[in-house]
Amino acid sequence: MKKLDIQLADRIKDLPPYLFAAIDKMKQEAIQAGKDIINLGVGDPDMPTPAPIIQALQKAAANPKNHQYPSYVGMLSFREAVARWYKKRFNATLDPATEVLSLIGSKEGVAHLPMALINPGDTALMTDPGYPVYQAGTLFAGGKSVFVPLKIENGFLPDLDAIPGAVAAEAKLFFLNYPGNPTAAVANRAFFEKLVAFAHRHNIVICHDAAYSEIYYDGKPPIGFMEVDGAKEVGIELHSLSKTYNMTGWRIGFAVGNSNVVGALGKVKTNIDSGIFQAIQEAGITALEMDDAPLKVIRNIYQERRDALVSGLQRLGFKVDPPQAAFYVWIPNPPGLTSAEISAKLLKETAIVTTPGSGFGQGGEGYFRMTLCVSKERLEEAIDRMEKVGIHG
Ligand SMILES: *Cc1c(COP(=O)(O)O)cnc(C)c1O
C-alpha cells in the first residue's frame with residue numbers, strides 16, 4: 001500500500017525549534033561520549049519538594065473522592081488559598097470565585113491565553129529576550145508576535161515610550177515576566193504603574209508571568225503586578241508552585257486578576273483539559289499555607305550558589321552583577337563570540353551545559369545563561385574548568 005503523505009499543520013512547521021530540545025541533544029551527545037556534564041542549562045530546581053507538601057499529597061491521594069474528574073476551574077478551596085496567599089504576600093484582594101483560575105502549570109496558561117484573546121492576524125507583544133512559549137502560544141492562535149527589546153541600559157525593562165504608536169494601537173496582548181527569565185531582572189513599582197497606564201492608553205491586556213516571584217535574595221521580595229493600582233483592570237498575573245516549592249513535576253499553577261480574562265482563559269481550558277488532580281490541589285493548599293521557614297532555607301541555598309558563581313565569573317573577567325531574584329545568571333559573551341559559539345565551546349571544552357541567549361530571541365544575542373540548579377560545589381567546579389581551559393570574559 002502507498003504510504004500516507006502526512007502534511008503537518010503550518011503552525012507546527014512555523015514553530016522555532018524548542019530551545020531546550022536542541023540543548024538536550026547536544027547534552028546527550030556529550031553524555032554518550034562519557035563526559036561528566038555540569039548542567040547549567042535548564043531551570044529546574046534540584047532540591048526536593050518540602051516534606052509537608054508530599055505528605056499532604058499522600059493523604060489526599062488515598063481519598064477516593066479525589067479520584068474522579070476535578071472541577072474545571074479548580075477546587076474552590078484551592079482558589080481560596082490562592083486568594084489568601086495573594087493578600088498576605090502582595091496585599092491584593094481577589095475574588096476566588098471569579099478572579100482566580102487554577103492551571104496545569106503557568107506554561108499551560110501562557111500557551112492557552114492567546115486562544116482566548118487573539119484572533120488570526122492579531123498582534124501580541126512580548127519581550128525579547130523572553131520565555132519562548134509566549135511566541136508559540138501566539139503562533140498557535142494564528143497571531144503575530146511583535147518583540148519589544150530588553151536592554152541592559154534600561155535594567156532589562158522594556159522602554160514603553162519607544163514602542164511605535166502604530167504597533168501599540170494594533171496590539172491586543174502583552175506578555176512580560178519579572179523577576180525575569182532569562183535576564184533575572186526585577187521590576188519596580190514605577191515601571192508597573194507606567195505599564196498599567198500604557199495598557200489603558202492602548203487597550204492592551206497585560207499578562208504578567210510571575211513564576212519567580214518567591215525566588216529572591218538578600219531578604220528583598222520583588223513587587224507583584226497586582227500590588228499596583230489598576231492592574232486588575234488591565235490584566236492578569238500567572239503564578240506557579242513549580243519554582244517556589246520545587247514542584248516542577250507536579251504541574252500546578254494559577255492565573256489571577258481581571259475576571260473577564262480569567263473567565264475567557266477558563267473557557268478555553270474547559271474545552272481542552274479537565275483540571276488538576278484534586279490530590280495535587282490539596283497539596284497545593286498545604287504549600288500556600290505553609291510558613292516561610294522551608295522557603296527561607298531554599299532561598300539561602302540559592303543565594304550561596306549565586307554568590308559562588310557570580311564571584312567566580314567576576315574573577316574570570318565576566319561583567320556580571322549578582323541577580324536579585326530568579327535562579328539565573330545572565331552573562332555577557334566573551335569578546336568575539338556569539339551566544340551559540342560560547343555555549344558550544346563551554347560544552348565541548350568543559351562539559352558545562354549553558355543556554356545561548358539567542359535561544360530566547362534575537363535580543364538575547366550577546367549573552368548566555370547559567371542556572372543555579374546544581375550544588376555550590378559543582379558551580380565552583382564549573383569555574384575551575386573554565387579557568388583551566390582559559391575561558392574568560
Ligand atoms: C518555568 C517557567 C514557567 C513555567 O512554569 P510551570 O508553572 O512549571 O509551567 C513559566 N514562565 C517562566 C518565565 C518560566 O521560567
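How do the residues of the shell around the ligand divide into nonpolar, polar and charged?

1. The shell around the ligand divides into 3 nonpolar, 6 polar and 4 charged residues, where Ala, Val, Leu, Ile, Met, Phe, Trp, Tyr, Cys and Pro count as nonpolar, Asp, Glu, Lys and Arg as charged, and the others, Gly among them, as polar. This is a predicted model, in which local features need pLDDT of at least 70 and side-chain atom pairs count only at pLDDT 80 or more, while totals for chains, interfaces and linings use all residues. Residues are numbered from 1 along each chain as its sequence is written, and side-chain values use heavy atoms, with hydrogens and water left out.

2. The ligand is surrounded by 13 residues, the closest being D209, Y212, S240, S242 and K243, with a residue taken as near if one of its heavy atoms lies within 4 Å.

3. An N or O atom in the side chain of D209 is 2.6 Å from a nitrogen atom of the ligand, and one in the side chain of S240 is 2.5 Å from a ligand oxygen atom. The protein buries 94% of the 390 Å² that the ligand exposes when taken alone (accessible areas by the Shrake-Rupley method with a 1.4 Å probe).

4. The 7 strands of an open sheet follow the order β2-β8-β7-β6-β5-β3-β4, with mixed pairing; strands are DSSP runs of E, at least two residues long, numbered from the N terminus, and two of them pair if DSSP finds at least two bridges between them. At the edges are β2 (100-103) and β4 (144-149), each of which pairs on one side only.

Notes: Polar contact = N/O pair within 3.5 Å; in protein donor to acceptor, adjacent residues only side chain to side chain. Helix = DSSP H or I, 4+ residues; strand = E, 2+ residues; numbered from the N terminus.
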